[in-house]
Amino acid sequence: LNWGCIPTKALLRSAEVLHLAKNAKEFGLKIDKADFDLDAVVKRSRGVANQLSTGVKFLMKKNKIDVIEGTARLEKGTQAPQVIVK
């Protein structure tokens, strides 16, 4: 959740809103200047990811799901790879 899908979608949404603002005339709207603040866009993206991550953690705890934090890899050479946790 913290890297990849969710932050990327949040960044794409910011780009979409900027695009809409810059093309507001097509919708009969007038926006004099549409610009972006990269730091604020990235901060929003991280905030969205953090909010969703926090929600998932809450749901996992509520449903009594054990979470093992760490690094793992799939074992090679077997038909049904096992997860090896370091």
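Residues are numbered from 1 along each chain as its sequence is written, and side-chain values use heavy atoms, with hydrogens and water left out. In this predicted model, local features need pLDDT of at least 70 and side-chain atom pairs count only at pLDDT 80 or more, while totals for chains, interfaces and linings use all residues.

Two salt bridges turn up in a search of the whole structure, each being a side-chain nitrogen of Lys or Arg within 4 Å of a carboxyl oxygen of Asp or Glu. One joins glutamate 16 to arginine 13, with 2.8 Å between the closest N and O atoms. Both residues belong to helix α1 (residues 5–22) and sit three residues apart, about one turn of the helix. Helices are DSSP runs (H or I, at least four residues), numbered from the N terminus. Glutamate 16 is partly exposed because its relative accessible area is 41%, and arginine 13 is partly exposed at 41%; buried means under 20%, exposed over 50%, and partly exposed in between (1.4 Å probe, protein chains only).

Lysine 33 and aspartate 35 form a salt bridge as well, at 3.9 Å from N to O. Here lysine 33 is exposed, at 67% relative accessible area, and so is aspartate 35, at 54%.

Turning to the surface, Leu11, Phe36, Leu38 and Val42 make up a nonpolar patch with about 360 Å² of accessible area together. Such patches take residues with over 30% relative accessible area and no salt bridge, nonpolar side chains (Val, Leu, Ile, Met, Phe, Trp, Tyr) being joined within 5 Å and like charges within 9 Å; areas come from the Shrake-Rupley method with a 1.4 Å probe, and for residues only the protein chains shown count as cover. Leucine 38 lies in helix α2 (residues 38–62) and counts as exposed because its relative accessibility is 52%.

Terms used:
Helix = DSSP H or I, 4+ residues; strand = E, 2+ residues; numbered from the N terminus.
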